[in-house]
Amino acid sequence: MTAALLAGLLAGYGIAVPVGAVGTYLVSLTARTSLRTGVCAALGVATADGLYALAATAGGSALASALRPVLGPLRWICVLVLLALAAWGAATAVRRYRDRRLTGRAQAAPPSPARAFLTLLGVTLLNPTTVVYFAALVLGSQGGEAAGLPERAVFVTAAFAASASWQVLLAGGGALLGRTLTGHRGRLVTALIASGVMTALAVRMALAPA
């Protein structure tokens, strides 16, 4: 049981800690909205990681074989989604900055916590890095004896908890960033930088060898 717990924690942190496009968007989203919205978005990411961990423990090598043919299409879908999020974030930041500066109109309503959860859940489920990571876990575990149901449950729960703790930490960093950058210009610059980073990561994902 302890081995399953440690394996789950390592798997969860292993996929969560490298801050890529999803983590960048999470921090930027929380900085623009609220900690509550950011935490819900963070739980969306962790839920996707937990679902893949569950599928990895339940599906075995059949899951990995089924995922291989769709990795290419998933990569391009993820690239398009990330580019759309980057463009939307930059356009929204510029529009809000101009509205505040020129017309004084009220800002558009920020995304609800539920919408933030579903958006990050969907993006993470489409992320080919997550797919490949847990598929590799499946293939790497085929040499040993199959784990029992309690061990699988512990592994999945630990992977979800590890991912959730890290994503919530990123959301907290975004909330602190949002409080620090109280000026409209500071928020605009932060949003544009985040969009640029997401665009660069999406382009690198598109150019990476299959």
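Helices (H or I, at least four residues) and strands (E, at least two) are taken here as DSSP runs, numbered from the N terminus. On that basis the protein, a predicted model, has eight helices and zero strands. Local features require pLDDT of at least 70 and side-chain atom pairs count only at pLDDT 80 or more, whereas totals for chains, interfaces and linings use all residues. Residues are numbered from 1 along each chain as its sequence is written, and side-chain values use heavy atoms, without hydrogens and water.

**Overall architecture**
- Along the sequence the pattern reads α-α-α-α-α-α-α-α.
- Of the 210 residues, 40% count as buried (buried is under 20% relative accessible area, exposed over 50%, partly exposed in between; 1.4 Å probe, protein chains only).
- Among contacts (heavy atoms within 4.5 Å) with a separation of 6 or more, 89% join residues 24 or more positions apart.

**Nonpolar cores**
- A nonpolar core is a set of buried Ala, Val, Leu, Ile, Met, Phe, Trp, Tyr and Cys residues joined through side-chain atoms within 4.5 Å.
- The largest such core has 18 residues, and Leu26, Leu29, Ala41 and Leu120 have the most contacts inside it.
- Two or more residues each come from helix 2 (21-32), helix 3 (35-67), helix 4 (71-103), helix 5 (113-126), helix 7 (149-180) and helix 8 (184-207).
- Helix 2 gives the most to this core, namely five residues.
- Not counting residues up to four places away in sequence, Leu120 touches Val22, Tyr25, Leu29, Ala41, Gly44 and Val45.
- Another core, of five residues, lies apart from the largest one and includes Ala11, Ala53, Phe155 and Ala159.

**Surroundings of Thr30**
- Thr30 is located in helix 2 and is buried, because its relative accessible area is 2%.
- A polar atom of the Thr30 side chain lies 2.8 Å from the backbone oxygen of Leu26.
- Leaving aside neighbours within four places in sequence, Thr30 is in contact with Leu35, Gly38, Ala171, Gly174 and Ala175.

**Nonpolar surface patch**
- Leu80, Leu83, Val203 and Leu207 make a nonpolar surface patch of about 390 Å².
- Patch residues have over 30% relative accessible area and no salt bridge, with like charges joined within 9 Å and nonpolar side chains (Val, Leu, Ile, Met, Phe, Trp, Tyr) within 5 Å; a salt bridge is a side-chain nitrogen of Lys or Arg within 4 Å of a carboxyl oxygen of Asp or Glu.
- Helix 4 and helix 8 each supply at least two residues of this patch.
- Leu83 lies in helix 4 and counts as partly exposed, because its relative accessibility is 31%.

Methods:
Accessible areas come from the Shrake-Rupley method with a 1.4 Å probe; for residues, only the protein chains shown count as cover. A polar contact is a pair of N or O atoms within 3.5 Å; within protein, one must be able to donate a hydrogen and the other to accept it, and residues adjacent in sequence count only if both atoms are side-chain atoms.
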